[in-house]
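Dear colleague,

Please find the structure below, followed by a short account of what was found in it.

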Amino acid sequence: MAADQRAVLGWAPPRTDGVPVLFMSSNGVGMGHLTRLLAIALRAEPDVAPVVLSLSRAAGVVEDFGLPWEHLASHTHPGMSGATWADLLRDHVVDTIDRWGVQAVVFDGVAPYVGLRAALDRRPEVHRVWVRRGLWLPGAVADRPRVDWFDLVVEPGELAPVDPGEDDTLQVAPVTLVDRDQLASRDVARRELGLPEEAQVLLVALGSGALTDVATPMRAVLEGLSRDHWVVARPRSPLPGAMVPDDLDVRTFEAYPMARLLPAFDAAIAASGYNAFHELVAARVPTLFLPQPRATDDQARRASQAARAGLGLVATDVDEVADATARLVDPETRAALAERLGAHQVVNGAVAAAAAIRTLVTS
Amino acid sequence: MRLARIRRALGPLAPVVAGWVRRVQASVASRRRHALVVVATDQPHVDRAAVLGAELGDVTGFWLTSTDDVAELSRLGWFVVRLEPGSWTDDEVATRLASIGTALVLDEVIDLR
C-alpha cells in the first residue's frame, strides 16, 4: 500500500472548500512537469482547492498526496492524430472546468496545447497561468509562445538569474517538491530504499535520452566503482533507454518523491533536468551532472551554473565522464562540494508561486 | 464469444456500462467502424477487464477508470481517461465516452447489454 505522503512530509490534510484551481501538467511517460506543478499545488493557501489534471502516465502518484486528480492520455497515444487529440483535449478541459467550477488553470508544460487554448477561449472568465521553465536553449527562445495570452507566467528559478527577454514573468526561487527540512535522515532513507547502512552509495539518475553513447563509458565507470566497493543504485525508470547497462550490478528502487530520500546517497551522477538538479542541490548531494540534449531545456547551462558556483561537477562530453567520476568519488573533492552545498541557502519558490496564484484567483 | 466474456468480466456493472455504450454507439453510428469500449470503475473490474484487453489485443479501445492504475492500463496500449470518483454523473461519463469514442474513430462498439 502506498504511503500517505502528506503525513510523511508533515502536511495537514487538504481542504476542499477553497476556490477550485486546476493544475494541469503535460508529460506522457515523464514526470518533470507534474512534479513541479505538484510542488506548487501542495503549497496552496487553504482558500485554494487544487485539482490536478495530468497527461502523465505516472499521474497516479498524486493519489498519495491527497489531492483530487484526473488523467487524459497524451497526444503521444498511438493511432491518434494531433488534430483529433486537440479537439479531445479541448472538450475534456471544458468538461473538467465545468464539473469542478474551476476559477483558474495553471499549466506546466513547454507550450500550451492548441486544445487547451481552445478550451480556455470557451471559458474566458477562467484565469490562465503558465508555469514555464526559464532556461531555454537559445535556438528555442524564438519559437517560445507569447506570454500575453496568460494572466500570469511563473518562472521557476535557477541557481543564477535567467534573462526572460521581453517577457513579463514572475521569477521565483527554484521549485522543489520537498523542502530541506522534509528530507529523511540518511539512516531512514537507506532503510526505506533497502540500501546497506555502511557502504558508500552512488546514485545514478540519467533518465533516458539521445546520448546512448554514454552507456559505454558508464559501463567502465560503474565497473570501476564496484571494484572500489561502491554500491550503485538507480531509480527504476518507466522510460526506455535508460543509460545504465542492464547487466551491471546496480540496485534499482522505486520511490516517489525520490527527493525526500536523497540523503541516502554519498554522491550522484545525474542528468541536469530541472527537478533532479535542484533536488540534488537542496539535499546537498555531491553530484556529477551529465547534461542531456533536449528540445528546449538548456541542461548544459544549468549544469555549468552549478560548476561555476562550486556546487557540482559537470561533464559535457562522454570522454570526460571517467575523469569526472574519479574526481567525484575522491573524498577531498566530495568534502569540498558538500561544504559548499551545506552553505548554499535554499528557498523553495513553490511558496511564492502558490501565493501569486492565490492572489490572482481571490482578488 | 467475446461479448459473453466481457459481460462476465464486468459483472454487475454491465447494465450501467451498456447505457454509456449506447451513447457512444449513437455518436459513431455513421462511421461504420469498430472498437471495444470497456469501462471499469473499481479495481476488480479493472483487473478482469485488463485480462480481457490482453486477450483481445487486436482491438483498439479506451478505459475510463476511477482507479489509480493509469500507468498499467497505459502500458497495455489503451487510451486511458481517469476521472476523480464522485466528480461526475452517469450522464457526464456518457458524454465523455461519446466524445472520446468519436475521437478514436472506433472500429467496433460492442454493446454490453
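**Findings for chain A**

In strand β6 of chain A, A:Val153 stands opposite A:Trp130. Strands here are DSSP runs of E of at least two residues, and helices are runs of H or I of at least four, numbered from the N terminus. The model is a predicted one, in which local features need pLDDT of at least 70 and side-chain atom pairs count only at pLDDT 80 or more, while totals for chains, interfaces and linings use all residues. Residues are numbered from 1 along each chain as its sequence is written, and chains are lettered from A and ligands numbered from 1 in the order in which they are written.

Strand β6(A) (residues 152-156) runs parallel to β5(A) (residues 127-131), to which three bridges join it. Three bridges also join β6(A) to β7(A) (residues 170-172), again in parallel, and there A:Pro156 stands opposite A:Val172. Two strands are taken to pair if DSSP finds at least two bridges between them. Five of the five residues of β6(A) are buried, so this strand is largely enclosed by the rest of the structure. A residue is buried if 20 or more other C-beta atoms, placed from the backbone, lie within 10 Å of its own. A:Leu152, A:Val154 and A:Pro156 point one way from β6(A), whereas A:Val153 and A:Glu155 point the other way.

At least three of its residues come from each of domain 1 (5-175 + 348-362) and domain 2 (180-343) of chain A, with bounds from an automatic or database domain assignment. Neighbours within four places in sequence aside, the contacts of A:Val129 include A:Phe107, A:Leu152, A:Val154 and A:Ile357; a contact requires C-beta atoms, placed from the backbone, within 7 Å.

Overall, chain A has twelve helices and 13 strands, and 49% of its 363 residues count as buried.

Yours sincerely

Terms used: Buried ≥ 20, exposed ≤ 12 C-beta atoms within 10 Å, placed from the backbone. Contact = placed C-beta atoms within 7 Å.
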